[in-house]
Amino acid sequence: MKTLAGVFLLLSMGFGFAQGHDHKSTRALSFPDVPGYVTLKTDLHQHTVFSDGEVWPTIRVQEALRDNLDVISLTEHLEYQPFKDDIPHPDRNRVFELALQEAKDHDLMVINGTEITRGNPIGHCNAIFIDDANKLMQQDSILQFAEAKKQDAFVFWNHPNAEWLSPTGNPIWTNFQEERLKKGELHGIEVINAGYFDEASLALALKYNLTIMGTSDVHGLVAWDYIEKGNSRPVTLVFAKEKTEASLKEALFAGRTVAVFNELLVGKEDVLVPLLEASLHIEKASYLESTTILEIQLRNSCSSRLLFENATDFEFYGIPPLLEIEAGETKVLQIKTLETLNRLDLKLKAIACYTAPKTQPIAHWEILIH
Ligand SMILES: [Zn+2]
Ligand SMILES: [Zn+2]
């Protein structure tokens with residue numbers, strides 16, 4: 001998809017009390033590691049002039065470095081080549097080679113990928129970790145997916161909710177997807193594409209155990225399409241055992257991901273909750289003198305604004321039961337514990353985060369009070 005939706009706008013409108021902030025992107029994305037895993041920031045769906053994008057592949061590498069990404073894939077449309085008179089493109093691995101060359105002196109992984117681009121019922125799917133994109137140039141889409149599997153690709157279904165693929169705005173799950181799933185040829189689904197979030201796609205991810213993906217699907221410049229509009233590009237956070245291509249791949253197949261667009265975080269509870277808990281640090285906690293009002297200093301160490309609702313047994317002091325904390329911000333929170341405690345289970349419901357449709361996770365912080 002090419003245009004931005006109002007996810008960000010809707011979220012902003014939903015939190016009117018927070019007005020007065022500007023939501024300018026800090027550009028460099030940053031998320032902490034979680035216990036047992038390194039957090040890799042990936043954008044695995046992007047285009048260049050080698051299909052219908054508007055930039056040369058080297059620009060995608062430079063943008064990724066500015067955004068502090070760990071991994072990219074440039075996934076040109078196999079079947080849609082609007083610039084082929086100017087760029088004949090006989091070797092479909094060329095974009096990967098150019099990006100790899102540009103990235104070679106930097107700490108950025110480039111993964112070979114391509115976008116299978118068909119009408120319904122097939123739709124668009126990205127195959128990444130491929131060895132040779134040329135071999136996926138097949139008339140018969142069944143053979144394309146079989147070839148992707150032969151190359152041990154990770155395949156995900158792109159923007160299945162796009163209105164030009166589905167007028168209801170819901171993904172159309174057919175025998176084609178059912179067959180691909182049975183044959184082990186479909187592994188993930190975009191729940192966030194270019195700023196669109198789709199709950200029905202998330203429901204499919206959970207029903208069929210597909211990996212939850214978020215991508216920019218950028219065609220123009222990231223600076224113009226996202227940063228200038230006060231957004232960050234959508235990404236998939238991948239929780240890998242180590243920062244290697246093999247570990248990245250293992251984690252994607254295992255479904256350890258969180259899709260991110262600004263403050264919207266979507267993922268399975270077993271990775272999303274540890275990410276939230278690692279992102280919000282408790283810096284100190286002590287009682288206001290001669291009171292039972294506990295003062296806690298919190299810091300948000302990630303690049304997304306975090307929005308919480310109080311789920312603790314005690315009320316906040318002096319403010320509504322909501323906590324909004326900007327990227328990198330340190331904030332003081334006061335809680336009425338009614339008696340002097342030496343530990344508190346701080347429970348916060350992450351209201352811009354989803355583990356399932358209409359389901360927001362609760363994260364916990366065990367606070368020791370001196
Ligand atoms: Zn597409
Ligand atoms: Zn695309």
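How many bridges join β12 to strand β13, and in which direction do the two strands run? There are 7 bridges between β12 and β13 (residues 293-300), and the two run antiparallel. The structure is a predicted model, in which local features need pLDDT of at least 70 and side-chain atom pairs count only at pLDDT 80 or more, while totals for chains, interfaces and linings use all residues. Residues are numbered from 1 along each chain as its sequence is written, and chains are lettered from A and ligands numbered from 1 in the order in which they are written.

**The chain as a whole**

- The protein chain contains 9 helices and 20 strands, where helices (H or I, at least four residues) and strands (E, at least two) are DSSP runs, numbered from the N terminus.
- For 370 residues a compact globule would have a radius of gyration near 21 Å, and the 22 Å of the protein chain agrees with this; the radius is taken over C-alpha atoms, and the globule rule is 2.2 Å times the number of residues to the power 0.38.
- Taken along the principal axes, the C-alpha atoms of the protein chain fill a box of roughly 75 × 40 × 35 Å.
- Of the 370 residues, 44% count as buried, which requires 20 or more other C-beta atoms, placed from the backbone, within 10 Å of the residue's own.
- Among contacts in the protein chain with a separation of 6 or more, 66% are between residues 24 or more positions apart; a contact has C-beta atoms, placed from the backbone, within 7 Å.

- Leu280 stands opposite Asn300 in β13.

**Helix α3**

- In helix α3 (residues 94-103), the residues Val95, Phe96, Ala99, Glu102 and Ala103 are buried.
- They lie on the same side of α3, because they cover an arc of only 130° around the axis, the arc being that of the directions from the helix axis to the C-beta atoms.
- The buried residues of α3 pack against α2 (57-66), β2 (71-77) and β3 (109-117).

**Leu202 in helix α6**

- Leu202, which lies in helix α6 (residues 199-207), is buried, with 24 other C-beta atoms within 10 Å.
- Not counting residues up to four places away in sequence, Leu202 touches Val191, Ile212, Val266, Tyr354, Ala356 and Pro357.

How values were computed: Two strands pair if DSSP finds at least two bridges between them. A residue is buried if 20 or more other C-beta atoms lie within 10 Å of its own, exposed if 12 or fewer, and partly exposed in between; C-beta atoms are placed from the backbone. Two residues are in contact if their C-beta atoms, placed from the backbone, lie within 7 Å.
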